[in-house]
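I am opening a notebook page on this structure. The entries below follow the order in which I looked things up.

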Amino acid sequence: MEIEEKVREIRARHDAAWTGPYYVEKTEHANVSGVIVHTDFEIMNPDGGHLAEVSCAHSVTDVEDPEAAVAGAEADATFFAAAWQDISTLLNLVDELQSQLKRALED
């Protein structure tokens with residue numbers, strides 16, 4: 001696939017997506033003993049609508065390292081939440097670089 005075609009596809013997906021930027025809300029869930037055993041990281045749109053969720057069960061029976069599991073889930077949610085704006089920035093950079101190349105080739 002040609003790079004220009006790939007960029008057009010990325011731009012089309014970006015344009016069709018719910019407009020960001022998004023943010024992450026963290027919700028912890030405890031067991032009957034009050035121990036936090038599950039954490040949800042909800043990716044929210046600017047209007048507070050629920051877009052997606054990264055969910056992490058992290059009791060000692062679920063994972064070897066609960067702290068690392070929660071940190072990884074939060075990092076993933078933060079990455080996903082930032083993706084719309086990051087892609088927008090990168091598409092703008094592509095446009096600018098293409099414009100610079102066109103001008104340079106015309107000179």
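**Entry 1: the core.** I looked up the largest nonpolar core and found ten residues: Tyr22, Phe41, Ile43, Val54, Cys56, Val70, Ala73, Ala77, Ala81 and Trp84. A nonpolar core here is a set of buried Ala, Val, Leu, Ile, Met, Phe, Trp, Tyr and Cys residues joined through side-chain atoms within 4.5 Å. Buried means under 20% relative accessible area, exposed over 50%, and partly exposed in between, with a 1.4 Å probe and protein chains only. Two or more residues of this core come from each of β2, β3 and α2. The largest share, five residues, belongs to α2. Helices (H or I, at least four residues) and strands (E, at least two) are DSSP runs, numbered from the N terminus.

I note the ground rules here: this is a predicted model, local features need pLDDT of at least 70, side-chain atom pairs count only at pLDDT 80 or more, and totals for chains, interfaces and linings use all residues. Residues are numbered from 1 along each chain as its sequence is written, and side-chain values use heavy atoms, with hydrogens and water left out.

Entry 2: I then took Cys56 and listed what it touches: Val37, His38, Thr39, Ala69, Val70 and Ala73, not counting residues up to four places away in sequence. Contact means heavy atoms within 4.5 Å.

**Entry 3: helix α2.** I looked up α2 next, which covers residues 66-106 and has 41 residues. From first C-alpha to last, α2 reaches 58 Å, close to the 60 Å expected at 1.5 Å a residue. The expected span is 1.5 Å times one less than the number of residues. At Ala83, α2 bends by about 45 degrees; the bend is the angle between axes fitted to the seven residues ending there and the seven starting there.

Which residues of α2 are buried? I wrote down Val70, Ala73, Ala77, Ala81, Trp84, Ser88 and Leu91. Their cover includes α1 (3-16), β1 (23-30), β2 (36-44) and β3 (50-57). An α-helix has 3.6 residues a turn, so residues three or four places apart point the same way.

**Entry 4: salt bridges.** How many salt bridges are there? I counted three, taking a side-chain nitrogen of Lys or Arg within 4 Å of a carboxyl oxygen of Asp or Glu.

- Asp95 pairs with Arg11, with the closest N and O atoms 2.7 Å apart. Asp95 is in helix α2 and Arg11 in helix α1, so this bridge ties together parts that are 84 residues apart in sequence. Asp95 is partly exposed at 32% relative accessibility, and Arg11 is partly exposed at 25%.
- Lys26 pairs with Glu28 at 3.6 Å between the closest N and O atoms. Lys26 is partly exposed at 48%, and Glu28 is partly exposed at 44%.
- Glu96 pairs with Arg103 at 3.8 Å, N to O. Glu96 is partly exposed at 38%, as is Arg103 at 42%.

**Entry 5: aromatic pairs.** I searched the whole structure and found one aromatic pair. The ring centres of Phe79 and Phe80 lie 6.1 Å apart and their planes meet at 70 degrees, so the pair is edge-to-face. The rule takes rings of Phe, Tyr and Trp (its six-membered ring) with centres within 6.5 Å; planes under 30 degrees apart are stacked, over 60 edge-to-face, and the rest tilted. Phe79 is exposed at 56%, whereas Phe80 is partly exposed at 42%.

**Entry 6: a peptide bond.** Is the bond from Gly20 to Pro21 cis or trans? I found it cis, with omega near 5 degrees. Pro21 sits in the loop between α1 and β1. Most peptide bonds are trans.
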